[in-house]
Amino acid sequence: MNITVIGAGYVGLITAAGLAETGHQVVCVDDDLRKVQVLNSGGMPFYEPGLEDLVKRNRQAKRLEFISRIEDAVVKCQAIFICVGTPPLENGEADLSSVELVARRISECARGYHLVIEKSTVPVQTGRRLQKHFSIYGNDSQYHCDVASNPEFLREGSGVEDFFHPDRIVVGVDSDKAAALLGEIYKPVLEQTFACPVHENCGNRARVPFVITDINSAELIKHASNSFLAMKISFINMIADLCEAVGADVGKVAEAVGMDKRIGGSFLRPGVGFGGSCFPKDLQAFVRVGQSAGCDFTLLHEVEQINQRRVDLFVKKIKNELWVVRGKRVGVWGLAFKPRTDDVRCSPALAIIRRMLAEGALVRAYDPQAMEKAKAEIPDIEYCADAYAAAQGAEAILALTEWEEFLHLDLLKVRHLMSRPLILDGRNMFSSATLAGLGFEYVDIGSGAPAREAFFDARNV
Ligand SMILES: NC(=O)c1ccc[n+]([C@@H]2O[C@H](COP(=O)([O-])OP(=O)(O)OC[C@H]3O[C@@H](n4cnc5c(N)ncnc54)[C@H](O)[C@@H]3O)[C@@H](O)[C@H]2O)c1
C-alpha cells in the first residue's frame, strides 16, 4: 500500500521503516529540512538500536523515501500516519498545534479517499475534532478523509523490536473500511509473516492481538496505559522512601510484590524518577483530560507529584554525603532518560546536573549515546570520553542511567581514579555488597541500610 508517515521522530521513523520492511511503499515527511537532509544522506537524526540498518535497507530497496513537503506525498497515498510531537503546554494540556497544522495541510492537498491515522499521543476526542476538521475543509469534490486512532506503545531503546513484535495493535475506527485498511497495513505484523530483521530465529510466533474499538476508546487506552506504568513507578518510589525510613530493603520488597502474577515485576524499580518525552507529559495531559471531564483524577496528580520530588530527594542525599557541594568535582554516569536511547527530554539526570551546577559543583559527565543531545541542553559542563574520565578526581559519582556498560566497568580502577570513592546510585544498578567489598561508600535508593543499622545499634545499646 502507498503510505505517508508525517514526522520522522522516534515514532515516525520507526513506523515508516517498519512499514517499508513489511512491504509497503512509504514516504516519510518531516518539515525539519535538516533532518530530511541527514536521512537522505544516509545519516540518522537520533540513536535507536537497529534502526539505521532498517532505514538503509529500505531506502536502497526504494520502499522508503524522505521529503519535506506534505503535498508531494499525500496525493499518491491511501493511508496517512500522523506522528508529530504533542508536547505539553504550560498548563499541562497537550499542545495539538502540530497535529492541527498537519490536518490543515492534508485537507488542502487531499484528492479522493484517504485514511488519516493519528499515531501521535493525543487526548481523547481529538479524533472527533479531526473528523470535524476534514468535513469542513477540503479542495476536492471527491475528497473524503476517514479518521482512525492507532496509538503507539513502542519503547525508545527497543522501538524496532516493539514495532515487529508488539504486545497488541490497537485501532480506533468508525467505519469498516478504516478497520479493513488498518488490518491490511498491519497484516504481516499481526500474522508475524515477515522475515524478522531483529532476531535471527524468531521461532514460533503467535498472532498479535488486534484490538478494534471506537476512536475515543483507542485514544484513552494510550493515556491509561502510560499513566498506569507511571503509577507503578511512583508507587515503588513511595515504598522505597518508606523502606529507607524504617529500615527495609526495597529490592526484596519489589521482587516479592512483583512475583504476584496480578501485579508483575516490571516497572517496580525505584530510582530518581521517570522522564522522557512520554510519561511526564502524558500523565499531565491525562490529568487535565480527567479534570476537564469533571472526573476525580487526584490519584494521577499524586503520581506526578511523587515523581517530581524524586530529584529533590536525590539532591538531598548528595548534599548529605558531600556536606558542602560548592567547588567539589562530581562525576555523572548517564544522561539519557533511560538506557539504549540518546533522548534526554525530561531526563532526571539533566535536572540533577542543573541542581548540582546551581550548588557550585564541577560536573564531569559521560553517557554512551546522549552527550550530543545533552550538550545542546547543558553546554557548560565537561563531557568525558568514557566513564573512567568522568570519575577522575571526583568526590562522588552519580549513577543516573542504567546503561549496561556501567555494569562491566573495572570498579577497582574507578576507585583509584576518584578522590573519594563514593557512588550515589540513582538507579540501584550496583550491588552494595560488591561495592563495599571494593572499598566504596555506596548510597542507593530504598535499601534502608542506614535505618536498619540505626535500629540494630539502638537495640545493642
Ligand atoms: N518517543 C516515544 O517513545 C513515543 C512512544 C509512543 C508514542 N509517542 C508519541 O508519538 C508522538 C511523536 O513522538 P516522537 O518521540 O516521535 O516525537 P519527535 O519529537 O521525536 O518527532 C516528531 C517529529 O515531527 C516533526 N514535525 C512536527 N511538526 C511537523 C509538521 N507540521 N510537518 C512535518 N513534520 C513535523 C518534527 O520535526 C519531528 O521530527 C508524540 O505524540 C508522542 O507522545 C512517543
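**A ligand shell and a buried isoleucine**

The largest share of the shell around the ligand, three residues, comes from H5. This is a predicted model, in which local features need pLDDT of at least 70, side-chain atom pairs count only at pLDDT 80 or more, and totals for chains, interfaces and linings use all residues. Residues are numbered from 1 along each chain as its sequence is written, and side-chain values use heavy atoms, leaving out hydrogens and water.

Me: Which residues come nearest to the ligand?
Reply: Happy to start there! A residue is near a molecule if one of its heavy atoms lies within 4 Å of it. There are 27 residues around the ligand. Those that come nearest are Asp30, Lys35, Thr86, Glu156 and Lys281.

Me: How far is a polar side-chain atom of Lys281 from an oxygen atom of the ligand?
Reply: A polar contact here is a pair of N or O atoms within 3.5 Å. Asp31 uses a backbone N or O atom, 3.3 Å from a ligand nitrogen. For Lys35, a polar side-chain atom lies 2.6 Å from a ligand oxygen. For Lys281, the distance from such a side-chain atom to a ligand oxygen is 2.6 Å.

Me: Is Ile423 buried or exposed?
Reply: Good one to check! Buried means under 20% relative accessible area, exposed over 50%, and partly exposed in between (1.4 Å probe, protein chains only). Ile423 touches residues including Trp333, Phe430 and Tyr442, where contact means heavy atoms within 4.5 Å. Because its relative accessibility is 0%, Ile423 counts as buried.

Conventions:
Polar contact = N/O pair within 3.5 Å; in protein donor to acceptor, adjacent residues only side chain to side chain. Helix = DSSP H or I, 4+ residues; strand = E, 2+ residues; numbered from the N terminus. Lists of a residue's contacts leave out its neighbours within four places in sequence.
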